[in-house]
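Welcome! Take a moment to look over the sequence and the 3D structure shown here, and then read on for a short tour of the inside.

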Amino acid sequence: GAALDVLRAEAGVLDATFSPDGTMLASCGGDSAVTLWDVASRQVLRVLRGHVGVVLSVGFSPGGDRLASGGADRSVRIWDARDGTELSVLRGHEDWIGSVCFDRDGARLASCSRDGTLRVWDADAPASPSILRAASGWVHAVACSPDGSRVAAGVAIGAIQIWDASNGLELSLRQVGEWPVRCLAYSPDGAALASGAEDG
């Protein structure tokens, strides 16, 4: 097999994602920062600082020009991925933010939290997000469908909850086990949704 590349961050890594064009890797974790890596050289491009405490999630916009992060300080931060400038800070969650994702065209951003909500932030009106209530008090994961029509959440009661992203109407609540659903991912065509839970 191919040799394994190891990129070392300053502290434990809790999330990592490639940019859409594959040229950058973003990681985050216990050092209160988001680290941007150049994939070709395996070197750090820049370290984005602004969060207080652990950063739990990071995600690129579909165009790769922006980066969102969320963590223990209850804020979602939007960064310019090209120069590291902090573009905005979105506040409203009342507890740790576990996951963030952009929709297909980058016009909306979804975040989820231990406060039992998802928030769908509109790029044009970030001060007034749609608030979606989960079926349990802790939402671990959020995923935006590739066509931008749905937002899915993995919740602590072992269920996946899905809403219509345009109007916030709940479309389904499916029990998939008894343990918290920790991660979600839509297939590229949006036909399948994969989940991972604490039961293995």
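The model is predicted, so local features need pLDDT of at least 70 and side-chain atom pairs count only at pLDDT 80 or more, while totals for chains, interfaces and linings use all residues. Residues are numbered from 1 along each chain as its sequence is written, and side-chain values use heavy atoms, with hydrogens and water left out.

**Nonpolar cores**

Let us begin with the cores. A nonpolar core is a set of buried Ala, Val, Leu, Ile, Met, Phe, Trp, Tyr and Cys residues joined through side-chain atoms within 4.5 Å. Buried means under 20% relative accessible area, exposed means over 50%, and partly exposed lies in between (1.4 Å probe, protein chains only).

The largest nonpolar core has 15 residues, and those touching the most other members are Leu118, Val139, Val142 and Val151. Two or more residues of this core come from each of β10 (108-113), β11 (117-122), β13 (139-144), β14 (150-155) and β15 (159-164). Strands such as these are DSSP runs (E, at least two residues; helices are H or I, at least four), numbered from the N terminus. Setting aside residues up to four places away in sequence, leucine 118 touches a list of residues including His93, Ile131, Val139, Val142, Val151 and Trp163, where contact means heavy atoms within 4.5 Å. There is also a second, separate core of 12 residues, with Leu48, Phe60, Leu67 and Ala81 among them.

**Cavities and pockets**

Grid points are joined across faces, edges and corners, and a volume is the space filled by probe spheres set on the points.

The whole structure holds three cavities of 30 Å³ or more. Residues lining the largest cavity include Asp103, Arg108, Val120, Cys144 and Val151. The largest share of that lining, three residues, comes from β10. In the largest pocket, the lining residues nearest the centre are Thr17, Val58, Gly59, Phe60 and Val100, and β1 (13-18), β5 (55-60), β9 (97-102) and β13 each supply at least two lining residues.

In the table, Ala, Val, Leu, Ile, Met, Phe, Trp, Tyr, Cys and Pro count as nonpolar, Asp, Glu, Lys and Arg as charged, and the others, Gly among them, as polar.

| Space | Volume | Lining by class |
|---|---|---|
| Largest cavity | about 70 Å³ | six nonpolar, one polar, three charged residues |
| Largest pocket | about 370 Å³ | 12 nonpolar, eight polar, three charged residues |

**Cysteines**

How many disulfides does a search of the whole structure find? It finds one disulfide, a term that here means a pair of cysteine sulfur atoms within 2.5 Å. The disulfide joins cysteine 101 to cysteine 144, with S to S 2.4 Å. Cysteine 101 lies in strand β9 and cysteine 144 in strand β13, so the pair ties together parts that are 43 residues apart in sequence. The torsion about their S-S bond is about 75 degrees, so the disulfide is right-handed. Cysteine 101 counts as buried at 12% relative accessibility, and cysteine 144 counts as buried at 18%.

Cysteine 183 is in no disulfide, and cysteine 183 is partly exposed, with a relative accessible area of 44%.

Key: 1 Å grid on protein atoms, 1.4 Å probe; cavity = no way out; pocket = protein on both sides within 12 Å on 5 of 7 lines; lining within 4 Å.
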